[in-house]
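Good morning, and thank you for coming.

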Amino acid sequence: RAKPQSWWLFCVSPPLQYLTMRPPPRRCKESNVIRKLMNREICRSGARAFMQTGAQEKFKNFGLQGELDTHDPDASKLSLHFLLKRSKIVEIVAAKDIIFALASSGVCVAFARDKSNQRLCFLNTSSEEVIRSLFYNKSNNSIITVSVYNHDNFSSLNCRSTPLEYIRKRDPAAGFPLFESESLRWPGFVEFDDVNGKVLTYSATDRIYKVWDLKNYTHLYSISDKSIHEIKISPGIMLLIYQKASNGGHVPLKILSIENGDVLQSFKHQLHRSKKIDFIEQFNEKLLVKQDTESLQIVDVRDGDRTEVMCTQFMTPSAFIFLYENQLFLTFRQRNVSVWNFRGEKVTSFEDHTLWHPDCNTNNIYITSHQDLIISYCKSRDNKARDSRDLGSINVSNILNGKCIAKIRCNDSSRPTQMALEDVTALFYNEERNEIYTGNKDGRVHIWSN
């Protein structure tokens with residue numbers, strides 16, 4: 001989902017006039033703050049160049065600062081049998097002064113991010129609980145866990161909210177369950193939307209969608225329509241995608257207000273009868289539709305204006321990330337990242353941002369809140385490790401121009417750094433503390449900072 005909005009500031013200055021034959025002053029070379037502030041005001045690239053320079057300074061000299069371990073050799077004392085073996089980190093979330101690390105085994109550990117980096121507690125409240133995902137609810141300073149349990153054969157999702165104050169007190173059992181009235185057995189689901197401050201649940205038993213307030217978890221309204229195939233959420237609206245028409249010639253669509261569920265628009269989108277739908281996505285007033293071996297269609301739902309991008313230019317990606325403030329979207333295909341606008345133009349190709357993992361997911365990619373930087377675990381072009389292992393690097397790239405502004409890599413024979421950059425499975429950037437956290441296949445979390 002999208003991050004908070006931001007504004008770009010551009011300034012246009014007249015050409016500088018030099019009254020003597022002295023060479024023009026150097027720009028962006030000086031290290032003192034006053035010179036950089038002056039350059040921001042008078043240089044032609046203005047604040048945008050200053051922001052990029054600031055980003056480069058922010059990630060300058062990043063190095064390994066610490067290690068956290070989710071594995072506990074005394075697991076038998078905790079009755080958490082899945083702690084007996086190490087397992088890879090699949091998700092990392094930072095909330096205030098706490099780091100949460102979730103392993104593929106289902107164990108979730110909370111660490112205090114201070115000088116001690118001590119383990120606060122396990123979020124698993126019983127030996128049967130397997131935690132599958134985390135969500136930090138900023139609106140009420142709590143961590144939400146989505147879990148399954150052994151007693152029902154791990155078939156139903158169970159949500160639990162625990163205020164951060166109880167995590168600090170090492171009392172995760174003080175949390176409370178959410179959405180107990182809903183049967184979230186597969187294919188039921190729960191989706192947390194921090195942009196609109198809503199939660200969407202789907203109960204497969206009665207086939208009802210419900211929308212809840214994210215701050216206090218009160219039920220707002222229900223959508224009961226058995227012909228709905230999928231729901232997509234955008235800022236302020238929801239797109240209801242129905243089952244294809246019996247003749248396959250079109251798909252019915254509805255746009256609803258996410259605040260109260262009122263229908264804002266109903267329409268049909270024409271399809272090629274014999275082609276499967278690769279995806280249908282909604283971005284504000286833009287509808288993106290792609291069918292197998294067909295062109296991408298970008299439709300303005302207000303007036304029906306349509307743009308087509310040939311399938312040879314736009315191949316079906318494995319994932320999207322919409323950048324709402326910048327009116328752009330990222331696509332991920334195999335290990336490549338691209339940036340597109342809604343005129344169907346590819347606006348950015350990254351110079352050095354080849355992802356390590358071909359199966360992209362948001363747990364090993366981070367987009368900053370200003371939507372200007374992407375941080376990922378990447379294939380390293382200039383690996384200089386002295387051994388034969390293929391180490392990756394943590395790359396920080398500018399989304400708008402594709403430039404790689406910083407890279408964390410192993411430039412020496414340091415054993416801890418080599419191990420930390422080997423088999424990175426999860427990544428998170430803490431913007432408040434300017435720290436990057438990475439997890440690996442051994443269940444360890446590494447802290448990178450300057």
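First, the conventions. This is a predicted model, in which local features need pLDDT of at least 70 and side-chain atom pairs count only at pLDDT 80 or more, while totals for chains, interfaces and linings use all residues. Residues are numbered from 1 along each chain as its sequence is written, and side-chain values use heavy atoms, with hydrogens and water left out.

Let us begin with strand β3, residues 98-103. Strands (E, at least two residues) and helices (H or I, at least four) are DSSP runs, numbered from the N terminus. Is β3 largely enclosed or open? It is largely enclosed by the rest of the structure, because 6 of its 6 residues are buried. Buried means under 20% relative accessible area, exposed means over 50%, and partly exposed lies in between, with a 1.4 Å probe and protein chains only. I98, F100 and L102 point one way from β3, whereas I99, A101 and A103 point the other way.

Which strands pair with β3? Two strands pair if DSSP finds at least two bridges between them. Strand β2, residues 89-95, runs antiparallel to β3 and is joined to it by 6 bridges. Within this pairing, I99 of β3 stands opposite A94. The hairpin of β2 and β3 has 2 residues between the strands, and K96 in the turn has a positive phi of about 55°. Strand β4, residues 108-112, is also antiparallel to β3, with 5 bridges. Here I98 has A112 as its bridge partner in β4. The hairpin of β3 and β4 has 4 residues between the strands, and G106 takes a positive phi near 105°.

I turn now to Y166, which lies in helix α4, residues 164-168. Y166 is partly exposed, at 27% relative accessible area. Beyond its neighbours within four places in sequence, Y166 is in contact (heavy atoms within 4.5 Å) with D171, P172 and A174.

Finally, the cysteines. How many disulfides does the structure hold? The number is 0, a disulfide being a pair of cysteine sulfur atoms within 2.5 Å. For C108, the closest cysteine sulfur is that of C121, at 8.5 Å, which is too far for a bond. C404 is likewise in no disulfide, and the nearest cysteine sulfur, in C378, is 7.6 Å away. C108 is buried, at 0% relative accessibility, whereas C404 is partly exposed, at 21%.

Thank you for your attention.
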